[in-house]
Amino acid sequence: MVSDAIYPYNPGGKELRYHELTRRLADRADVHVYTMRWWQGPRTRVEDSVTFHAISPLLSMYAGTRRSLKEAALFALACLRLITRRFDVLEADHIPYLQIIALRLVATVRRKRFVVTWHEVWGPQAWREYLGRPLGTAAWFTEWLAMRLPDHIIAASAQTAQRLRGVLGEGAQITVAPNGIDLDAVATITPDLAGTDLVVVGRLLNHKRVDMLLAAVALLHRDGLPVTCRVIGDGPERERLHQVARELGIGHAVDFRHDVAEQKDVYALVKSARVFVSPSAREGFGIAVLEALACGLPVVTTSDPDNLAQHLAARSARSVVCDPSAPAVAAAVRIVLARPDAAASLHGVSTDVANPDVANPDVADPDDAWLADYTWDAITDLVAGAFNI
């Protein structure tokens, strides 16, 4: 299994997925993970019966706020080292794409099955918005080419599978195996003593739009609802977001937590909040939203077409999907906080409100019993099936 980033060194959704899956797959097969050199000491180490190999030095994954082309290219070249390794199945994370070309060569030479896990399909428009027309067109061609190279694709959501088939055709070999959650572990966590009203978790990247949440907080303060907010995560947008909070005059109400490394600490901090807000413009699945629901929080997220986390929120009676704007997020937060089970008032201020920009989603299960479908053991069975093990 090949991924340039691993947990806990780079805490994120795909990294947590590898962490949970590899240690469970190790009960069925000899699992080796090839990555950058995130740790000190020998290039090879064993943890939870999984062998980790550093095939490249630790390279910066970002150039400013964008993924680094240099890192992508150098890691792809490093992946050619696997041509001398013995394996039965070669699996890779699709990001950052260039390594898929190198690994296709490796799998072909070794005559072994090549599987790629796909978290989200960007498409030409998203790439052009991200990189501009010339580079964006080249990036979309790279993604388009990479889709065609695996023998089998594991899609992290049904919506991603649908988008892949829209490009590859209905005959594409795709298994849907979403991200999962350890419900037993979540249930054992006690909420942190430092409570807050709103919380968001994730890498601090531009498309996560934490600045939209901060703007919504400022609007709520302006309207007499002095909510507090906790931002858990780190990334290229860190300093800018601190500045935005100061400029909006809400620095005192925002608790930035860039130091949270353990998943149990994330759960404790999330459980101590009233509402989880995910204003992201793009999510291939939305593991943070799934975790928030498992922690018992209502979720506010946006209806952006590329925000696939909205499909998780739409299954919960406690959650709201709203337009992608600060006023709509603020109105959605008011609606959720106005419900009896979320405290009808906050700091003594009434939260009664109605707003046409906010839509309550169609609800499939008021008790969120469907979360049991997302246990890591169940997801591991799906992935193992795609590997034929």
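Figure 1. The model is predicted: local features need pLDDT of at least 70, side-chain atom pairs count only at pLDDT 80 or more, and totals for chains, interfaces and linings use all residues. Residues are numbered from 1 along each chain as its sequence is written, and side-chain values use heavy atoms, with hydrogens and water left out. Leucine 82 is located in the loop between α2 (69-79) and β6 (helices, H or I with at least four residues, and strands, E with at least two, are DSSP runs numbered from the N terminus). Not counting residues up to four places away in sequence, leucine 82 touches Val2, Tyr34, Ile55, Phe87, Leu90, Leu103 and Val106 (contact means heavy atoms within 4.5 Å).

**Figure 2. Strand β6 and its pairing with β7.** Of the 5 residues of β6, 4 are buried, and the strand is mostly covered. Strands β6 and β7 (residues 113-118) run parallel and are joined by 5 bridges (two strands pair if DSSP finds at least two bridges between them). Within this pairing, leucine 90 has phenylalanine 114 in β7 as its bridge partner. Helix α3 (residues 98-110) carries the chain from β6 to β7 in a right-handed β-α-β crossover (right-handed if, with the strands pointing away from the viewer, the path from the first strand over the helix to the second runs clockwise).

**Figure 3. The second largest pocket.** The volume of this pocket is about 470 Å³. Its lining comprises 19 residues, and those closest to its centre are Asp30, Val31, Phe87, Asp88 and Val89. Two or more lining residues come from each of β1 (32-36) and β6 (89-93). Strand β6 gives the most to the lining, with 3 residues. Pockets and cavities are found on a 1 Å grid over the protein atoms alone: a cavity is a set of points where a 1.4 Å probe fits but cannot get out, a pocket is an open set with protein on both sides within 12 Å along at least five of seven lines, and lining residues have an atom within 4 Å of a point. Grid points are joined across faces, edges and corners, and a volume is the space filled by probe spheres set on the points.

**Figure 4. The largest cavity and its lining.** The structure holds 4 cavities of 30 Å³ or more. The largest cavity has a volume of about 140 Å³. Tyr7, Tyr18, His19, Thr22 and Phe52 are the closest to its centre among the 13 residues that line it. Helix α1, β2 (44-47) and β3 (50-56) each give two or more residues to this lining. The largest share, 4 residues, comes from α1.

**Figure 5. Arginine 23 in helix α1.** Arginine 23 lies in helix α1 (residues 13-25). With a relative accessible area of 30%, arginine 23 is partly exposed. Its side chain makes a polar contact of 2.8 Å with the side chain of glutamate 20 (a polar contact is a pair of N or O atoms within 3.5 Å; within protein, one must be able to donate a hydrogen and the other to accept it, and residues adjacent in sequence count only if both atoms are side-chain atoms). Not counting residues up to four places away in sequence, arginine 23 touches Asp48 and Val50.

**Figure 6. Arginine 230 in strand β11.** Arginine 230 belongs to strand β11 (residues 229-232). Its relative accessibility is 3%, so arginine 230 counts as buried. The side chains of arginine 230 and serine 272 are joined by a polar contact of 3.0 Å. Apart from neighbours within four places in sequence, the residues in contact with arginine 230 include Ala194, Thr196, Asp255, Arg257, Leu269 and Ser272.

Figure 7. Strand β13 (residues 273-278) runs parallel to β14, with 3 bridges joining them, and valine 277 stands opposite valine 300. Together with helix α11 (residues 287-294), β13 and β14 make a right-handed β-α-β unit. Strand β15 (residues 320-322) also pairs with β14 in the parallel sense, over 3 bridges. In that pairing, threonine 302 stands opposite cysteine 322.

Technical notes. Buried means under 20% relative accessible area, exposed over 50%, partly exposed in between (1.4 Å probe, protein chains only).
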